[in-house]
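Visitor: I have a model open and a few questions about its fold. Can we take them one at a time?

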Amino acid sequence: MDRGAFFSIAIRQTRYIQCDLAWAIRSDLVKVIVADKFERVGLEGLAGLGFEVLSQPGIGTDELAKHLASQNAEVLVVRSTKVPASVIEKSGSLRLIVRAGAGVDNIDVGAATAKGIKVCNCPGMNAVAVAELAMGLLLCCDRRIPDQTFELRAGRWNKKEFGKTGAAGARGLKGMTLGVVGVGAIGQEVIRRATAFGMQVVAWSRGITPQHAAALNAEFGGTDTPALLALANRSDAISVHLPLADTTKKLFNKTFFDAMKPGAYFVNTSRGGIVDEAALREAIQTKGIRAGLDVYEFQPSEAEAGFESPTPKLPGVYGTHHSGASTEQAQLAVAHETVRIVKVFHETGRFENCVNA
Ligand code: MLT
């Protein structure tokens with residue numbers, strides 16, 4: 001790698017070093033490794049706390065293990081990079097992992113707990129961004145906006161096809177029943193936006209109460225699996241907002257898709273692992289389900305990679321690249337929250353938003 005590409009800059013009274021980790025200036029400062037692309041304001045904020053900040057976007061899991069040990073970093077900030085047990089076991093003096101986002105499924109939290117390392121996240125900071133994308137995907141399912149764009153790019157005018165209405169074309173979202181599965185920060189933002197579109201929202205979650213649903217301007221959709229299937233059965237569209245956990249893995253399976261109305265819309269901006277994609281593909285092909293997907297069962301963890309998955313290639317699937325949280329507003333909010341978590345840890349020893357307290 002070209003050493004000239006590496007540089008270090010002094011920011012305020014401390015140092016923020018963007019470089020090959022092996023080449024980093026050694027110092028007694030506490031080290032923070034940032035293993036993914038991270039807003040500059042976040043890097044500067046961490047450096048401003050007096051840390052030596054080693055920014056290494058795209059370092060990858062294998063290299064990360066080596067660097068954590070050799071650098072004796074105390075704090076690790078990750079977005080998409082996987083942090084499995086094999087990395088945690090060799091992590092030297094690591095005390096805190098901050099997930100610069102909401103989901104922590106790319107981190108082996110159990111292994112971190114066993115090693116006394118705290119894992120903290122930034123819940124809610126990107127909720128609006130993800131909800132905005134969910135609404136976009138819902139609109140794509142109804143109005144087939146990407147298909148229309150492709151035709152125009154190919155030099156074709158096709159109002160004959162895209163002027164179709166009803167099952168073969170667009171239905172209109174107003175008055176549709178939208179099943180919202182999961183009512184955390186993102187689910188709540190989706191409910192607000194869907195209500196503004198005139199949709200009738202029914203909300204399901206393991207912990208929701210009728211009072212909570214009413215406060216969200218939604219109908220209570222229940223808390224158990226039979227209620228989830230009933231929700232699938234009555235909804236014109238479904239938007240899913242659940243974390244990936246043992247209890248949610250492949251929750252959206254053949255039984256669920258069999259229960260959905262023919263031609264209904266299924267939007268997933270949460271995690272690919274909660275959906276049985278083979279079952280979803282079958283539902284798309286046999287009962288005309290349209291899907292808006294930002295996440296996939298076997299998606300790459302790198303920022304750029306080949307991706308030959310049959311699901312996003314199907315007609316009726318509108319796919320994005322796990323970019324739900326990728327707005328400037330959201331990433332700035334996540335960066336500020338990350339800095340706040342590290343600051344509180346540094347100054348008080350307290351772990352904010354700790355998922356393994
Ligand atoms: C999240 O868990 O907050 C999002 O998936 C974040 C992201 O894409 O970084």
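Visitor: How many helices and strands does the protein have?
Guide: First, a caution: this is a predicted model, where local features need pLDDT of at least 70 and side-chain atom pairs count only at pLDDT 80 or more, while totals for chains, interfaces and linings use all residues. Residues are numbered from 1 along each chain as its sequence is written, and side-chain values use heavy atoms, with hydrogens and water left out. Helices (H or I, at least four residues) and strands (E, at least two) are DSSP runs, numbered from the N terminus. The protein has 14 helices and 14 strands.

Visitor: What is the radius of gyration of the protein?
Guide: The value is taken over C-alpha atoms, and the globule rule is 2.2 Å times the number of residues to the power 0.38. For 357 residues the rule gives 21 Å, and the protein comes close to that, so it is as compact as a globular protein of that length. Its radius of gyration is 22 Å.

Visitor: What share of the residues counts as buried?
Guide: Buried means under 20% relative accessible area, exposed over 50%, and partly exposed in between (1.4 Å probe, protein chains only). Of the 357 residues, the buried share is 49%.

Visitor: Which strands stand at the edges of the open sheet of 7 strands?
Guide: Two strands pair if DSSP finds at least two bridges between them. The sheet has the order 10-9-8-11-12-13-14, with parallel pairing. Each edge strand has a single partner, so one side of each is left without a neighbour in the sheet. The edges are strand 10 (219–220) and strand 14 (317–319).

Visitor: Which residue is the bridge partner of Ile238 in strand 12?
Guide: Strand 11 (residues 237–240) and strand 12 (residues 265–268) run parallel, joined by 4 bridges. In strand 12, the partner of Ile238 is Phe266.

Visitor: Is Thr338 buried or exposed?
Guide: Thr338 sits in helix 14 (residues 328–348). Contact means heavy atoms within 4.5 Å. Leaving out residues up to four places away in sequence, Thr338 touches Phe38, Val77, Val98, Ala100 and Cys122. With a relative accessible area of 0%, Thr338 is buried.

Visitor: How many Å apart in space are Gly169 and Tyr265, C-alpha to C-alpha?
Guide: Gly169 lies in the loop between helix 7 (159–162) and strand 8 (177–181), and counts as buried at 0% relative accessibility. Beyond four places away in sequence, Gly169 touches Asp142, Arg144, Lys164, Tyr265 and Arg290. Gly169 and Tyr265 are 96 residues apart in sequence, and their C-alpha distance is 13 Å.
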